[in-house]
Amino acid sequence: MQKIGFLGAGIMGQAMIRNLLKAGFLVTVFNRTVEKARALEPFGAKVAVSPQAAAERADIVMSMLINDTACRTCWLGPQGVFESQPTPDTILIECSTASCDWISELAARSAKGGFQFLDCPVAGRPDVAVAGQLNMFVGGDAATLEKVRPVLRTMTKSITHFGPVGSGIAFKLIYNVLGAIQVASLAEAMFAAEAAGLDIRAAAEGFATGATASPHVIRHAKYMSLNRHEDPIQFSGRNRIKDIKYGVQLAEKVGAQSVIGHAAAEVFSQMIPLGMGDLNDSELIDALRVAHGRTPAAKTQGRQ
């Protein structure tokens with residue numbers, strides 16, 4: 001039975017870990033806030049006091065963390081994974097939505113130690129993760145992917161191999177920028193409809209049923225029109241900004257443009273000075289209301 005060290009027990013990480021445990025894998029979890037890791041003990045997880053301890057004697061080490069800083073600390077910092085001296089047979093998998101620069105750094109460190117490494121970022125909100133229906137974008141050696149495919153299948157509905165290390169995260173960042181652009185554009189459109197005196201619920205229906213519809217538009221138009229938002233928070237404005245930043249960096253590094261990406265970041269950035277950065281991305285519409293001198297709509301019967 002394969003032993004897995006898992007770094008990160010946030011909303012997404014917890015869902016992924018529970019699916020691994022359900023499939024019969026032995027999982028040792030590290031999370032900076034230990035209470036989140038301990039919540040997985042009733043499902044069979046072991047809790048580690050450090051990333052180093054989580055990685056000891058593991059066949060696979062996986063990471064699902066918030067940003068480059070958190071990733072670097074867990075992999076390379078004091079009591080990090082590489083201080084556990086994993087064997088060359090250990091497979092290292094980074095699932096976090098991090099920057100391409102970080103993935104390159106981690107891949108180089110892995111290669112120096114003779115380890116097998118894959119970047120495997122995932123797409124899907126927490127409810128999708130709970131259902132084991134994530135989309136996974138993989139960069140790395142095809143033979144290494146085949147070794148861990150049974151593990152990855154417990155969490156995913158699709159696994160797309162894009163090519164060498166770094167190609168999985170490259171696609172994920174482009175994918176997330178496109179998604180953020182859709183949410184930012186919808187918030188502006190919904191606010192414009194409201195400012196023009198239109199029924200905002202009718203506007204939401206029009207956007208969600210017409211040629212403008214996409215899964216992002218359909219989902220967020222409903223929340224924005226009802227002013228009911230997901231609880232627990234699924235995707236914060238601050239994390240949207242982080243993902244756009246990494247995606248724009250990639251686009252500019254490879255000689256592509258990201259004019260609309262920059263604009264989307266600017267739209268979401270209006271949430272930060274209002275203290276809304278850690279709220280759901282759908283609450284961007286309230287930031288636009290405040291920015292233009294309007295009173296945010298009252299929440300309707302709590303969150304949804």
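This is a predicted model: local features need pLDDT of at least 70, side-chain atom pairs count only at pLDDT 80 or more; totals for chains, interfaces and linings use all residues.
The axes of α8 and α12 (residues 259–269) cross at roughly 55° and come within 9 Å, the axes being lines fitted to C-alpha atoms over the stretch in contact, with angles running from 0 to 180 degrees between N-to-C directions. Their crossing is left-handed, meaning that the near helix is turned anticlockwise from the far one by less than a right angle. On the α8 side the contact involves Val177, Ala180, Ile181, Val183, Ala184 and Glu188, and on the α12 side Ile260, Gly261, Ala264, Val267 and Phe268, contact being heavy atoms within 4.5 Å.

Residues are numbered from 1 along each chain as its sequence is written, and side-chain values use heavy atoms, with hydrogens and water left out.

Helices and strands here are DSSP runs numbered from the N terminus, with at least four residues of H or I for a helix and at least two of E for a strand. Helix α8 (residues 167–195) also packs against α11 (residues 237–253), at an angle of about 125° and with the axes 8 Å apart, and this pair is therefore oblique as well. The crossing of α8 with α11 is left-handed, and among the residues that make the contact are Ala170, Leu173 and Val177 of α8 together with Ile244, Tyr246 and Leu250 of α11.

Buried means under 20% relative accessible area, exposed over 50%, and partly exposed in between, with a 1.4 Å probe and protein chains only. The buried residues of α13 are Leu284, Ile285, Asp286, Ala287, Leu288 and Arg289, and just after the helix Gly293 takes a positive phi of about 75°.

Turning to the strands, β5 (residues 91–94) is covered on both faces, with Ile91 and Ile93 buried on one side and Leu92 and Glu94 buried on the other. Strand β4 (residues 60–63) runs parallel to β5 and is joined to it by four bridges, where pairing requires that DSSP find at least two bridges. Ile60 has Ile91 as its bridge partner in β5. On the other hand, β5 also pairs in the parallel sense with β6 (residues 116–119), over four bridges, and there Ile91 stands opposite Gln116.

Finally, some backbone details in the loops. The peptide bond from Asp231 to Pro232 is cis, with omega near 5°, and Pro232 lies in the loop between α10 (215–226) and α11. Asn227 lies in the loop between α10 and α11, and has a positive phi of about 55° although it is not a glycine. Is Asn227 buried or exposed? Its relative accessible area is 3%, so Asn227 is buried, whereas Arg57, at 70%, counts as exposed. Arg57, in the loop between α3 (51–55) and β4, likewise has a positive phi, of about 60°, without being a glycine.

Methods
Angles under 35 degrees count as roughly parallel, over 145 as roughly antiparallel, 65 to 115 as roughly perpendicular and the rest as oblique.
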